[in-house]
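Me: Could you walk me through this model with a few questions and answers? Here it is.

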Amino acid sequence: CVFILAGYQVPMDEFLLQNEGLKRRVPYRFEFKPYTHEELMKIVKIYAKSQKLTLDEKEAKGVLSQLKSMGKKTIESRNASLAISWVQGARREIDSRVSFEEASEN
């Protein structure tokens, strides 16, 4: 039987301490480094494309600039979900504008 446990480092360390035999039963640990600003930007572009959205060069530079202005803890705590929620927020904004414009035409 194989189990894969995933989570942030500190909560996982605390979890493994809940039972004295648990830590020795989980001998392999892989720690992934947080994404860089550039990697998050790639995720934004890929996810945006999957949502049929595109970013021009100016927009991409603006997103990258905002990513770079965020604190390390914010990026580490959100990681890829930060990029995905950003695109989802853009999609909601676009959808609300389209709905408003349609309502104005009627």
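This is a predicted model: local features need pLDDT of at least 70, side-chain atom pairs count only at pLDDT 80 or more; totals for chains, interfaces and linings use all residues.

Me: Is Asp13 buried, partly exposed or exposed?
Reply: Residues are numbered from 1 along each chain as its sequence is written, and side-chain values use heavy atoms, with hydrogens and water left out. Buried means under 20% relative accessible area and exposed over 50%, with partly exposed in between (1.4 Å probe, protein chains only). Asp13 has 26% relative accessibility, so the residue counts as partly exposed.

Me: Which side chain meets Asp13 in a salt bridge?
Reply: A salt bridge here is a side-chain nitrogen of Lys or Arg within 4 Å of a carboxyl oxygen of Asp or Glu. The pair's N to O distance is 2.6 Å, and the partner of Asp13 is Arg29.

Me: How many residues apart in sequence are the parts that Arg29 and Asp13 tie together?
Reply: Asp13 sits in helix H1, while Arg29 belongs to the loop between helix H2 (22–25) and H3. Helices (H or I, at least four residues) are DSSP runs, numbered from the N terminus. The pair therefore links parts separated in sequence by 16 residues.

Me: Where do Lys72 and Glu76 both lie?
Reply: These two form a salt bridge, with their closest N and O atoms 3.8 Å apart. They are four residues apart, about one turn of the helix, and that helix is H5.

Terms used:
Helices (H or I, at least four residues) and strands (E, at least two) are DSSP runs, numbered from the N terminus.
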